[in-house]
Amino acid sequence: RDMSFVRLFAIPRRVLLVPVRFSGHSKWSKIKHRKSAADMTRSKLTSKITKEISSAVREGGSDPEANLRLASVLSRARDNGIPKNTVERAIAGSSSDASEHMLLEGRGPSGYLLLIEAVTDNKQRTRPEIRNLLSKHGALLGEAGSISYLFDRKGIVSTSKQGFGETEPLDVAIEAGAEDVRE
């Protein structure tokens, strides 16, 4: 500390010496704030992906070759630079995790349909929170089955062209019941 400049404050029967500090800038404080913001966003992303990993493991097992949802979440984790040990801990600890999936249904302000898929550790808290959020924006939360019967769950299958004839992938897809085939 630089104590060379001192202000004197006269208080009756006492003299108070207070050091004066120069205002200025510190490069480290700017770096510290930027780093803190970047760490916060990385932490949120890591937390979100580890929850998805836990959910995928509970649904389909811990083998990414047999569990396509887990394989896609793991590739997203790799793309976002999440450390391997964090991913392994999420897979190992997923059996003790108590979070559950919820499918909520509702109608938007213009009558459009909403299917909300949520992962929560407390269904009794999540449902009212979503209902409150929707009602603030003019939407309504419906009962289970009120909208979901209008939708079909679909999947995507992709293959390489190698080893197939010109029309063979198209024929196989049509026989399997595919609705849309794209090259």
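## A first look at the second largest pocket and its surroundings

Glu59, Arg69, His101, Glu117, Arg153, Lys154 and Gly155 line the second largest pocket of this predicted model. The volume of this pocket is about 190 Å³. Sorted by class, its lining holds five charged residues, two polar ones and no nonpolar ones.

Two of the lining residues, Glu59 and Arg69, also form a salt bridge with each other, their closest N and O atoms being 3.0 Å apart. This pair links distant parts of the chain, since Glu59 sits in helix H1 and Arg69 in helix H2 (residues 68–79), 10 residues apart. Glu59 counts as exposed because its relative accessibility is 51%, a value over the 50% cut-off. Arg69, with a relative accessible area of 27%, is partly exposed.

Let us step back to the chain as a whole. The protein chain has five helices and five strands, and from the N terminus on they follow the order β-β-α-α-α-β-β-α-β-α. Of the 183 residues in the chain, 20% are buried.

How many salt bridges does a search of the whole structure find? The search finds five. Side chains of opposite charge can pair when their charged atoms come close. Here are three of these pairs:

| Salt bridge | N to O distance |
|---|---|
| Lys35 and Asp39 | 3.4 Å |
| Asp39 and Arg42 | 3.1 Å |
| Glu59 and Arg69 | 3.0 Å |

Lys35, Asp39 and Arg42 are linked in a network of salt bridges. Along helix H1 (residues 27–60), Lys35 and Asp39 are separated by about one helical turn because they are four residues apart. Asp39 and Arg42 are three residues apart in helix H1, so they too are separated by about one helical turn. Lys35 is partly exposed, with a relative accessible area of 45%, and Asp39 is partly exposed at 31% relative accessibility.

The surface also has a nonpolar patch, formed by Leu103, Leu113, Leu115, Tyr149, Leu150 and Phe151, which together have about 570 Å² of accessible area. Where is Phe151 found? Phe151 lies in the loop between strand S5 (140–141) and helix H5 (168–176). With 39% relative accessibility, Phe151 counts as partly exposed.

One last stop is Arg107, which has its place in strand S3 (residues 100–107). At 41% relative accessibility, Arg107 counts as partly exposed. The C-alpha atoms of Arg107 and Leu134 are separated by 8.9 Å, while the two residues are 27 residues apart along the chain.

Methods. Residues numbered from 1 in each chain as written. Predicted model: local features only at pLDDT ≥ 70, side-chain atom pairs only at ≥ 80, totals over all residues. Heavy atoms only, no water. Patch = residues over 30% accessible without salt bridge, like charges linked within 9 Å, V, L, I, M, F, W, Y side chains within 5 Å. Areas by Shrake-Rupley, 256 points an atom, 1.4 Å probe, with all protein chains shown as cover. Salt bridge = Lys/Arg side-chain N within 4 Å of Asp/Glu carboxyl O. Helix = DSSP H or I, 4+ residues; strand = E, 2+ residues; numbered from the N terminus. Buried < 20%, exposed > 50% of the residue type's maximum accessible area, 1.4 Å probe, protein only. 1 Å grid on protein atoms, 1.4 Å probe; cavity = no way out; pocket = protein on both sides within 12 Å on 5 of 7 lines; lining within 4 Å. Points joined across faces, edges and corners; volume = space filled by probe spheres on them. Nonpolar A, V, L, I, M, F, W, Y, C, P; charged D, E, K, R; others polar.
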